[in-house]
Amino acid sequence: MSAILVQGYHSLKGELKIQGSKNAALPMMAAALLHKGTTVLRHVPRIQDVYCMMGILESMGCVCDLRDHVLTIDAGEVTDIRIPKEGGKAMRSSIVLLGALLGRCREAFVHYPGGCSIGSRPIDMHLEALSRLGAEIREEEGVLHALAPRLEGNHIHLPFPSVGATENVLLAAAAARGTTVLTGAAREPEVEELCRMLEAMGAGIRGLGTSRLEIRGTDNPGSVVRDVPGDRIVTGTCLSAVMACGGEAVLRRSSPGHLECVIGTMKKMGARIKVREDVLEIRMSGRPKAVSVETGPYPGFPTDLQSVFMVLMALSEGTGYLKETVFEARFATAKELHKMGAAIIIEGDEACITGRPGLRGAQVQARDLRGGAALAVAGLAAEGETRITDCHHIFRGYEDLCGDLQSLGAVIRREK
Ligand code: UD1
């Protein structure tokens, strides 16, 4: 039902403040469950996934209040330990509530999670890791029942640095007895942010930002007030919009320190980028140069920016390759870009993209959150009008993509 209309072919110029990070805010909201009282999170983005997480927390007995991007969560009483089916299916990241509930109540019920359709996205690593902390997990008619009367620290190794599994271990281990040593941990900045929050709540954490985390649990996680960092993926989307259209922009609260790999690639493609503390300035003229990019766990190139880079490469001078190593089915947006005239050939986990001088406006469908935002960027660089349908995917993670791009001078709006 929800659609976005874009009038393309304008260069961009402007300034904007980047929203708070979705992927940081969601596990921080889960961490609030550990404290038997009030937690305050600031700079929380007003996005569908945050509202969904608030709904789930409220169904468990928490009282949530989001005003002016300040979210207060009172988890004084947890009356229900079930993650409701709809919430769990709508948003995959609700799985981090499993670790938090085990930490708080030693028991939880959860349905298999949903979220974007970008691959099979199993949760085997989450379950295996939590069982190492003492949880017994059984499937009962499609619902997982986890029970851990004795939650105790242990050695855990993740065979792949899964962000969600790392967060689940952190949340449970922070409230477990003894010390957990987690190797093979994800190093994403959002994981580090969660570590800092859990530290402030009283857990002892060593190895922040590395793949070996040592977590000493606390039996009484305390009250905290935390700031959600700027969203590095929204920053990357806005930088890409300037690269696709040409022009210049100043982005504040943009987490440049978490975008080194992305900024390096953008510079190779011809962007001029300056960093001043949390402010990024970008200038771009002419078409991007073709590059080859391979996604990977942090500090590698983020899979969440793969689709928008596909757009940049579709406009570039020359031929480049994109290799997706994190989510196997994340090339669905290529099909939509074909409708706009892009030359993309997909073979397995690799896309070969031959740049064209321009794209043309078309009717396209958002297939997932980041792919949807990429289509908006493609629309901005295309001649004529682009209409993007199924934009509910975009609203899961972008507070006001149209408003943000309008402040850079783009002609884009939500269809009434
Ligand atoms: C998080 C991010 C998402 C990002 C992704 C990778 C949030 C809310 N979402 O998702 O935006 O794209 O990290 O940076 O933070 N896997 C398994 N078994 C498991 C767990 C994961 O096989 O038990 C696989 C997944 O299918 C995927 C890969 O591991 O192929 C990475 O997944 P993971 O890092 O867990 O991503 P999410 O935490 O779901």
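**Exercise 1.** In this predicted model, determine which residue of strand 17 stands opposite R272, and describe how the two strands pair.

*Solution.* Step 1: R272 lies opposite R283 of strand 17. Step 2: Strand 16 covers residues 272-276 and strand 17 covers residues 279-284. Step 3: The two strands run in the antiparallel sense and are joined over five bridges. Step 4: Two residues lie between the strands of this hairpin, and E277 adopts a positive phi near 50°.

**Exercise 2.** Decide whether R330 and D304 are buried or exposed, and locate their salt bridge.

*Solution.* Step 1: R330 and D304 form a salt bridge whose closest N and O atoms are 2.8 Å apart. Step 2: This pair, too, links distant parts of the chain, 26 residues apart. R330 is in the loop between strand 19 (319-323) and helix 11 (332-339), while D304 is in the loop between strand 18 (293-294) and helix 10 (306-314). Step 3: Both R330 and D304 are buried, which means under 20% relative accessible area.

**Exercise 3.** Classify the accessibility of D65 and of R67, and give the distance between their closest N and O atoms.

*Solution.* Step 1: D65 and R67 form a salt bridge, with the closest N and O atoms 3.3 Å apart. Step 2: D65 is partly exposed, at a relative accessible area of 31%. Step 3: R67 is exposed, because its relative accessibility of 56% is over 50%. Step 4: This salt bridge is one of 19 in the structure.

**Exercise 4.** State which residues form a negative surface patch with E347, and explain why E347 counts as exposed.

*Solution.* Step 1: The patch consists of E347 together with E294, D349 and E350. Step 2: E347 belongs to strand 20 (residues 343-347). Step 3: E347 counts as exposed because its relative accessible area is 62%, over the 50% cut-off.

Conventions. Residues numbered from 1 in each chain as written. Predicted model: local features only at pLDDT ≥ 70, side-chain atom pairs only at ≥ 80, totals over all residues. Heavy atoms only, no water. Pairing = 2+ DSSP bridges. Helix = DSSP H or I, 4+ residues; strand = E, 2+ residues; numbered from the N terminus. Patch = residues over 30% accessible without salt bridge, like charges linked within 9 Å, V, L, I, M, F, W, Y side chains within 5 Å. Areas by Shrake-Rupley, 256 points an atom, 1.4 Å probe, with all protein chains shown as cover. Salt bridge = Lys/Arg side-chain N within 4 Å of Asp/Glu carboxyl O. Lys, Arg positive; Asp, Glu negative; His and termini not counted. Charge placed at Lys NZ, Arg CZ, Asp CG, Glu CD. Buried < 20%, exposed > 50% of the residue type's maximum accessible area, 1.4 Å probe, protein only.
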